[in-house]
Amino acid sequence: MSNIVAKAQQAVMGSQGDKSNDLAKETKEISDKDRLTTDYGVKQSTADDWLKVTSQDKQGPALLEDPFARERIMRFDHERIPERVVHARGAGAFGTFRVLESPSDLTFAPVLTDTSRETPVFVRFSTVLGSRGSADTVRDVRGFAIKFYTQEGNWDLVGNNIPVFFIQDAIKFPDVIHAAKPEPHNEVPQAQTAHNNFWDFQFNHTEATHMFMWAMSDRATPRSYRMMQGFGVNTFTLLNAKGERHFVKFVYTPTLGVHSLVWDEALKLAGQDPDFHRKDLWEAIENKAFPKWKFGVQAIPEADEHKFDFDILDATKIWPEDLVPVRYFAELELNKNPDEFFTQVEQIAFCTSHVVPGIGFSDDPLLQGRNFSYFDTQISRLGINWQELPINRPVCPVMNFNRDGQLRHTITRGTVNYYPNRFDAVKPATIEEGAYVEYAEKVAGIKARARSAKFKEHFSQAQLFWNTMSKVEKNHIINAFAFELDHCEDPVVYHRMVNRLADIDIGLATTVAEMVGGDPPKEATRPNHGRKAPGISMLEFPGEKPTIMSRRIAILVADGYDPVAYNAAYGAASAAMAVPFVIGPRRAKVTSAGGTHSVTPHHHFEGYRSTMVDAIFIPGGVDAIRTLSTNGRAQHWVREAFGHLKAIGATGEAVDFVNKCIALPAVTVSESEEAHESYGVVTMRHIKPDGLKDAVNIAKGATGFMEKFFYAISQHRNWDRELDGLHTQVAF
C-alpha cells in the first residue's frame with residue numbers, strides 16, 4: 001500500500017515551489033513552427049472553408065459531416081462562462097509577498113512570520129457593480145483580492161479598497177446588490193449607483209450610512225489600481241504559538257500613495273478609454289515600475305474585544321487608527337502580467353473561507369455568510385472541480401477522497417476512495433504535521449435572529465468620516481451626492497436622502513439639498529460629535545517619497561518644436577521611470593526647428609486626450625507654437641489639464657501659449673531664465689544651458705525647471721487651484 005500512496009502523491013494537483021513553474025506545465029507558446037490541429041490533435045488543412053458540395057462554377061450545400069468545422073463552431077458557441085454576479089469587471093497580475101518583520105507574537109502562520117520566504121501571489125482588482133464590458137473608471141467600490149500560494153495551502157484575502165461595507169449581516173447581500181444593480185424594468189443604469197433604487201435602499205437601510213459616505217468620496221474613483229489601499233473589511237483572527245488569539249483587520253497601503261481621478265476626468269475616461277485601469281496596471285508592470293504595498297494588521301487582544309463603543313465584529317465600522325494603529329510588517333509586490341486573461345484573470349476564484357493554520361475567522365456575521373457564499377458561487381461559475389484549474393490549484397501537495405464531478409482532472413491511483421480504510425491511506429494529519437485546528441472558542445447564547453446592541457448604532461462613524469475629510473475631499477463628496485441624487489427622478493428618494501445627510505452634518509445636507517432640489521432641513525437631526533481619526537483622509541497618503549515613476553507625461557509638439565527642451569524633457573522623464581507620450585497634430589514624422597531632429601508622435605491630438613495622462617509638457621519653437629495656437633484641440637489639452645488640476649510645464653515660446661490658454665491673472669508665468677511655478681503651472685521663458693537636466697532630484701523647494709515640474713507631478717494634483725476656484729474659470 002505504501003507504493004499506492006507514493007504514486008497517489010505524484011498525482012497531486014500541485015507541488016511545492018514557485019507558482020510560475022506550476023503554471024508552466026499548462027502553458028503553450030505559439031510559433032510559426034506550429035501547425036493547426038483540432039482539439040483531438042489531428043492536423044487541419046485549412047481554417048477557411050467548410051467541407052461542402054461544390055464545383056468550379058457552382059456553390060453547393062455545406063456538409064454536416066465536417067468534424068473540423070463543427071468543432072470550431074461549437075467550441076466558439078461555448079466559450080463564455082457565467083460572469084461574476086459582482087466584481088465581474090477586473091484585471092490582475094502575479095507577484096510576491098515578503099515578510100520584513102515577523103509578527104510571531106500574533107500568529108504562527110509561516111506565510112506571515114517566515115522572513116526567509118517569498119510567497120507567490122495573484123491579485124485581482126475589480127469594480128463591483130458593472131458587467132464584464134463596463135468601464136474601469138466608474139464611481140464604485142473596487143475589489144482587491146489576493147490569493148497567496150503558500151506552502152501550507154492557498155490563503156485567499158478577499159478585500160476592497162474601502163474598509164467597511166453596506167451591510168452587517170450576509171443575509172442582506174441579495175438586497176444591497178439588487179438595489180445597486182441596473183433597475184429591473186429597463187436594465188438601466190450600467191455600473192452606476194446614480195439611480196432611484198440604490199438611494200432608496202441606502203435611506204431605508206440605515207446601517208449603510210457610513211459606507212455610502214466612503215462610496216461618495218474620492219476612494220471610489222481611484223487614479224490607478226496601484227494607488228489604492230486594500231482592506232480585508234471583515235474581522236479575522238490570528239493565533240500564535242502560545243494559543244493566544246487576536247482579532248485583526250488586514251490593511252495594505254501603496255508606496256505610491258493613495259490618489260484619485262477628478263470626477264469630470266473619470267466621466268470622460270469611461271468613454272475615451274474604458275480600459276484605463278487595466279492598461280495602467282499592465283503598462284506599469286511591463287515597464288518594471290512594479291506596484292508595491294505595505295502590508296499590516298490592526299490587532300486587538302481577545303480580552304479587549306468589548307472595550308470599544310463599537311462592536312469590532314461589525315463590518316460597517318472601522319477600527320479608528322488612533323485607537324488601534326496599523327502594524328506594517330510585510331510587502332506585497334506585483335511583477336508579472338498574466339499570460340492569458342481568461343485562464344488566469346477570469347478563471348481565478350477566491351473564497352474567504354480559504355485560510356491556513358494560524359489564521360482564523362471571527363463571528364463577524366458578514367464574514368460568516370461570505371464563507372458560505374464564495375465557495376457556492378465558484379461552483380456555479382466554474383464547476384465543482386474549480387480548484388483544479390491551474391490558476392486556482394495550490395503549490396503544495398493536495399490529497400483527499402473528493403472524487404469525480406464535471407471536468408475532473410486529477411487521476412488518483414489506488415483501490416480505496418474513503419477513510420478509514422484497511423490500508424490506513426490518506427489519513428488525517430496531526431497538529432505536528434501541520435493540520436488546521438479550529439480555535440477552541442467558548443460560545444454561549446440563545447438561538448435568535450437578532451444583533452447585539454452595538455450593531456444598532458449607525459451614524460457615529462459616518463460623522464467621524466465626514467469630520468476627518470479635508471476641505472477638498474468634502475467638496476468632492478458634496479458634488480458626488482449632487483450628481484448621484486440629480487439622477488434620481490423620484491422626489492421621494494432625493495428628499496429622503498437630504499434628510500439622511502442631516503444625520504451626519506447639517507451643512508452637508510443643506511448644500512446638497514440646494515443643488516438637487518430637496519427640502520433643506522432646518523436643523524441637524526442628531527448632534528455631530530466632532531471627533532476625527534487618522535488614516536481616513538486620502539491626503540494622509542501622498543506616497544513614501546516624491547516620485548514620478550509610472551506617471552504618464554504628454555509632450556505636445558508640432559513642426560518646428562524646440563529639440564533641446566524636447567530631448568531634455570523626454571530623457572529626464574524616462575530616466576525617472578515616468579512614461580512620456582509624444583502627442584502631435586498627426587501620427588507621422590514631426591520635424592524640429594532647424595530640421596536637425598524629428599520624432600513620430602505616439603498619438604495625435606484627436607486620438608488621445610489629456611485625461612489619459614498625469615501631466616503635460618510643451619517645448620517652445622516659434623513655428624510649433626504658431627501651429628498649436630491655431631489648433632483648438634491643442635488648446636483644449638492645456639485647458640482640460642488645468643481644469644483637472646494637473647501639472648503643466650512649458651518652456652520658451654510655449655510659455656505665452658499656455659498663458660493665453662489659461663488666461664487667468666492669478667496664474668503667473670516666467671519672464672526670465674528662472675523657472676517659475678504658479679498653481680502647478682511650471683514655466684521657463686528663456687532656456688539657459690544648465691536649466692534642463694537629465695538627472696532630476698525631486699524635492700520641494702528646488703529651483704531648476706525639471707525639479708519644479710517633476711515635483712508638481714509627484715504631488716498628483718494642485719489642489720490650490722480648486723480651493724481658490726480657478727479650475728471652474730476655464731472652459732474644458
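The model is predicted: local features need pLDDT of at least 70, side-chain atom pairs count only at pLDDT 80 or more, and totals for chains, interfaces and linings use all residues. Residues are numbered from 1 along each chain as its sequence is written, and side-chain values use heavy atoms, without hydrogens and water.

E671 pairs with R685 in a salt bridge, with the closest N and O atoms 3.2 Å apart. Here a salt bridge is a side-chain nitrogen of Lys or Arg within 4 Å of a carboxyl oxygen of Asp or Glu. R685 has 16% relative accessibility and counts as buried, the cut-off being under 20%.

The structure holds 48 salt bridges. R89 and D136 form one at 2.8 Å, N to O. Both residues are buried. R98 and E118 form another at 2.9 Å, N to O. R98 is partly exposed at 22% relative accessibility. E118 is also partly exposed, at 49%; this class lies between the buried and exposed limits.

Helices α13 (residues 471-486) and α15 (residues 506-516) pack at about 40 degrees, their axes 9 Å apart. Helices are DSSP runs (H or I, at least four residues), numbered from the N terminus. Axes are lines fitted to C-alpha atoms over the stretch in contact, and angles run from 0 to 180 degrees between N-to-C directions. The contact (heavy atoms within 4.5 Å) involves I478, N479, F481, A482, L485 and D486 of α13. On α15, L508, T511, V512, M515 and V516 take part.

Technical notes:
Helix = DSSP H or I, 4+ residues; strand = E, 2+ residues; numbered from the N terminus. Buried < 20%, exposed > 50% of the residue type's maximum accessible area, 1.4 Å probe, protein only.
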